[in-house]
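This briefing concerns one protein model and the packing of its helices. Please view the sequence and structure below before reading on.

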Amino acid sequence: MNIFENKYLRKISILIVLSMLFLLIISFNSNSAFAKQYRVAIIPFKINAEKDMTFLKDGVLDMLSSRLSSEKNVEIVGRQETEKVVKSLEGILNEEKAREVGAKLEADYVLFGSLTIFGDSVSIDSKMVDVTGDRETLAFFNQTRGIGEVIPKINTFAEDINEKVFGRVMLSKEVPAKQTQPVQTDNIYAHPEKLVEDFGEFEDAGKKSDLNPAFIVSRPQKSSREFWKSRNFRELINGIALGDVDCDGKVETVIITSDSVHIYRFENNRLLEIIKIDEDKYKIFIGVDVADINNNGYPEIFITSLNPQRNVINSIVFEYDGKNYNRIVDSCAWYYRVAELPGRGSVLFGQKQKTGGPDTFSSEIFEMAWNNTEYVPDRKILPSNRSNLMGFCLGDVMNDGGETVVAYDKSDYIRIVNQSGRILWTGNIHYGGSTLYYEMPSFEPGSDNRQYYPMRIIITDIDLDGKYEIIAVKNYELTGRLLKQLRKFKEAHIESLSWNGLGLTTNWKTAKISGYIRDFAIGDFDNDGEDEIVAAVISKSGSIIGTRPKSSVISYDLKKTAP
């Protein structure tokens with residue numbers, strides 16, 4: 001082989017090596033680009049509102065799609081394809097269901113959420129879920145004042161997703177405040193991105209209450225105010241009550257979990273914990289009330305509680321002595337409930353656990369009195385087998401000057417009963433609904449026999465018009481009443497009802513909220529001189545292994561006007 005042939009072969013070899021390197025580079029770049037391709041399914045947000053808000057749902061979906069889509073690395077699954085898969089799956093939409101949707105669509109991520117509208121406020125709750133479960137869910141929660149603020153908040157979440165999930169830093173597209181333009185009242189169905197200012201008048205003008213526009217009735221109302229929501233608690237709230245328990249001139253909020261008692265005060269627009277007064281691993285707290293029944297100047301805190309097996313009542317009562325909160329009654333076999341009666345003030349009622357009784361509704365209900373050492377029955381209010389005390393109240397229900405009982409029966413129907421025990425009226429709509437229960441004896445080994453407690457119910461003249469109303473909660477059951485041993489609720493509202501001579505009719509009700517209401521109270525929650533309706537809301541029960549419970553406190557202002 002001559003020198004020319006050797007040079008020729010070397011050139012060929014170099015060209016082959018360079019070609020192979022070029023192909024490897026192309027292949028590497030191609031594979032790298034392929035590895036960064038994402039497929040995202042966006043489930044149209046659920047809108048919790050009394051009015052049709054389809055325009056808002058569509059606008060939010062369009063905006064998220066446009067903000068997240070990228071020709072380089074993000075493909076958005078078509079809406080029809082996504083909705084078809086969502087409809088094919090049963091059960092409530094949560095992270096687990098979202099992953100099922102993503103798997104069927106061969107998506108990498110699924111984005112879903114909800115908008116809950118209270119009066120002129122909107123709560124945004126959304127999640128970006130990794131279908132494989134390898135990456136932590138990116139969650140977003142915010143509360144806005146008016147629909148006009150929804151879009152900037154959604155835009156912020158989209159930027160969050162682009163940066164934290166896809167590694168893209170986006171320039172903010174929010175409109176600066178000085179560039180905002182007034183929203184015309186005839187443009188309420190414009191695309192939501194055009195609604196840049198506060199937009200409170202989205203309810204029909206003829207469906208707002210004189211008390212609070214979030215209360216839906218049939219009288220016109222022009223002004224609007226919002227509700228208040230606390231931070232989230234990572235435990236279940238089992239009860240809530242209001243009262244000046246330390247006699248400092250300010251109303252405190254007493255909150256119980258299953259095994260602890262906490263005292264909070266509303267300051268600087270938030271709930272501040274003053275003290276955790278007790279924790280008991282050998283009791284399950286199911287109810288709380290506050291009132292000065294022994295007339296010593298310090299209101300008592302009545303805690304209705306069960307033993308760990310949930311089959312024995314062993315309630316306790318706390319009282320402040322100027323320094324500490326002491327147990328003045330312990331391991332007492334009585335349910336406690338306090339009601340405010342016209343001309344009498346706070347009255348304590350009790351119902352004793354009946355030894356060998358068939359259920360928690362079996363014993364009589366008494367008005368209770370303090371005898372210097374304990375609370376004892378003073379006057380029988382209701383005979384046996386009529387109601388459980390947790391869902392009982394006494395007052396001028398019929399606005400005739402008398403005292404009549406309003407209470408839930410075992411099926412959560414509201415009853416009106418006179419003090420001789422005669423049932424005067426029974427409703428045909430389920431109200432209340434609680435997941436707190438008493439464990440009855442079971443005839444089948446290893447099986448539960450739960451009897452669920454009724455929800456609190458209150459009689460009050462809430463608008464000071466001289467007529468009394470019933471304030472009740474309605475929790476909407478997800479599982480239906482056929483599954484008696486497993487209760488789950490999806491939505492709730494608070495409702496005002498009045499006696500019209502024939503039955504109870506609705507005066508107003510709040511918009512539905514996501515989750516369910518565990519307990520509620522009425523009083524000057526924020527120490528502004530006006531009463532509020534305050535409710536403990538359960539967003540997540542934490543009943544699924546690996547999940548944590550989530551509770552919060554919400555309050556609605558009441559604009560009371562004397563007659």
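In helix α4 (residues 95-105), the residues Ala98, Val101, Gly102 and Leu105 are buried, where buried means under 20% relative accessible area and exposed over 50% (1.4 Å probe, protein chains only). Seen down the axis of α4, these buried residues fall within an arc of 100 degrees, so they line one face of the helix; the arc is that of the directions from the helix axis to the C-beta atoms.

The model is predicted: local features need pLDDT of at least 70, side-chain atom pairs count only at pLDDT 80 or more, and totals for chains, interfaces and linings use all residues. Residues are numbered from 1 along each chain as its sequence is written, and side-chain values use heavy atoms, with hydrogens and water left out.

**Surroundings of α4**
- The buried residues of α4 pack against β1 (38-42), α3 (79-88), β4 (109-118) and β5 (121-130).
- Glu96, Ala103 and Lys104 are exposed on the face of α4 turned away from its buried side.

**Packing of α2 and α5**
- Helix α2 (residues 54-68) packs with helix α5 (residues 150-164) at an angle of about 30 degrees, and their axes are 10 Å apart.
- The two helices, α2 and α5, are therefore roughly parallel to each other (angles under 35 degrees count as such).
- In contact (heavy atoms within 4.5 Å) are Val60, Met63, Leu64, Arg67 and Leu68 of α2 with Ile151, Ile154, Asn155, Ala158, Ile161 and Asn162 of α5.

**Whole protein**
- The protein has five helices and 34 strands, which are DSSP runs (helices H or I, at least four residues; strands E, at least two) numbered from the N terminus.
- Of the 563 residues in the protein, 50% are buried.

Key: Axes are lines fitted to C-alpha atoms, for helices over the stretch in contact, and angles run from 0 to 180 degrees between N-to-C directions. Angles under 35 degrees count as roughly parallel, over 145 as roughly antiparallel, 65 to 115 as roughly perpendicular and the rest as oblique.
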